[in-house]
Amino acid sequence: METKETNTELVVIGGSAGSLQVILGMLKKLKAKLSFPIVLVVHRKAYSNNILQTLLQQFIAIEVVEIDDKTEIQNNKVYVVPADYHLLFENKKLMSLDFSEKMNYSRPSIDVTFKSAAEIYGKNVVGVLLSGANADGVEGLSYIKKNKGQVWIQDPETAEVDYMPRHAVQEIAYDQLIKPDNLADFINQL
Amino acid sequence: MLEPSIVKDEEVEYLIKDVHEMYGYDFSEYSRASFKRRVNRICLIDRFTSFAELRYTIINDPEYLKRFVEEITVNVTEMFRDPHFFKALRENILPQLGTYPLIRIWVAGCSTGEEAYSMAILLKEANLYHKSLIYGTDLNPSVLETARAGVFPLQQMKLYSENYMLSGGKKDFSDYYTANYDSVKFDKSLKEKLILSTHNLVSDSSFNSFQLIICRNVLIYFDRELQERVFKLFDNSLENLGYLALGAKETIRFSKLDKNYHQVEDQRIWKKAEHM
């Protein structure tokens, strides 16, 4: 007997140029307790250390963690993929880092993490693609869709740099178009 | 483009078993997520359209096995990657090592040798090179050949030069190499104290004692059990008060050995406590 209910076990958000403001706005409005983790894959310079983690933590009470290799994944935490590594899921409990070749000129690559999330979490993952100037993330979203997860894309009209979401909207049968104002509302309702 | 999904989870296990039984390379404790990507990637670049084709080639062509091992392991490396790490080595660690009559350093999983050459440069600039030995090991004989040649792509030099300066380097980085059309050859004095040899962290044991072991972005490809064994191997190979240096996002925190080591400031460098 198959149940229609999906139980969100992970929200994974990918963004590039123009995505940081959307992420900050979202964090401010998140409810106090989440029953799943959020993983952020954001393109940035190779040597940016913990800057993103420190910045994000200022806007939210939930703990923000920059991922070390073999970090155990826990609900109600926000995880930031470190600069210059790809992030993979070993299983629903454990994350690995990977320093293999760049993908779409990017490391971290949103595609790599989206695909891994699709394989491990199946229908219980929500993949969100935000503003950006690169095609990274679109192919990964197609894996999430194929494995019956949910696909949310930032409305290209609201994106500071619309190449990434526009590309995604054209290629993927998405479940939700989101705007910077309502991303947190959608996540809070999961 | 992402690697295709040609190989299924259970097929990865067959492959690992074959390679171990036939050739002695044991990948059974490699992190599956990364390893599976590498297997699918090799299917893409070597144009295997099915798992059966890949498996057949591996079983029947020992020559291909070399290529398989080379491609399945990640050999991406840089000179002076994470300049702050090398700066910490320069400022905090090398002065300590300088008190020893002979400095022995192990670069474990050195790949094509960029970090071993970076280390040689640091030691030269600290006037310690004459009394140092750098051991560079990798499971892969072909990458060690590259390391031995000391020839690297010219296009990387801009990045390496920037990294070098950020690490506190004061010289003109180009003094260390001779440029050709599309490659550079590093000065051969930089490999005078470099001993390159195959060593498999999975199956080989300790072969010397060191004051500094550098193993960066190698353990990320291992599962936690194998990581624990390798930490033990490093512990057995490290003198009291010696240093273990890991990659920027690797940690000894999840290991039982954690309690015997003190982290050096905010760096991914740990000092072995004096005891026993």
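## Chain A: what is buried

A residue counts as buried if 20 or more other C-beta atoms lie within 10 Å of its own. By that rule, 52% of the 190 residues of chain A are buried in this predicted model.

What elements make up chain A? Its secondary structure comes to 6 helices and 10 strands. The radius of gyration of chain A is 15 Å, close to the 16 Å that the globule rule gives for 190 residues, so chain A is as compact as a globular protein of that length. Along the principal axes, its C-alpha atoms fill a box of roughly 45 × 35 × 35 Å.

Let us turn to contacts along the sequence. Among the contacts in chain A between residues at least 6 apart in sequence, 69% join residues at least 24 apart.

## Chain B: two helices side by side

Now to chain B, where helix α1 (residues 9-23) and helix α3 (residues 51-60) have axes that come within 11 Å and cross at roughly 5°. Angles under 35 degrees count as roughly parallel, and α1(B) and α3(B) are therefore roughly parallel to each other.

Which residues make the contact? From α1(B) come B:Glu11, B:Tyr14, B:Leu15, B:Asp18, B:Val19 and B:Met22, and from α3(B) come B:Phe51, B:Arg55, B:Ile58 and B:Ile59. The residues of this contact divide into 7 nonpolar, 3 charged and no polar.

## Confidence in the prediction

For chain B, the average pLDDT is 95, and 99% of the residues score at least 70. For the complex, the predictor gives an ipTM of 0.92 and a pTM of 0.94.

Terms used
Residues numbered from 1 in each chain as written. Chains lettered and ligands numbered in written order. Predicted model: local features only at pLDDT ≥ 70, side-chain atom pairs only at ≥ 80, totals over all residues. Axes fitted to C-alpha atoms, helices over the stretch in contact; angles between N-to-C directions. Helix = DSSP H or I, 4+ residues; strand = E, 2+ residues; numbered from the N terminus. Parallel < 35°, antiparallel > 145°, perpendicular 65-115°, else oblique. Contact = placed C-beta atoms within 7 Å. Nonpolar A, V, L, I, M, F, W, Y, C, P; charged D, E, K, R; others polar. pLDDT = per-residue confidence, 0-100. Rg over C-alpha atoms; globule rule 2.2 N^0.38 Å. Buried ≥ 20, exposed ≤ 12 C-beta atoms within 10 Å, placed from the backbone.
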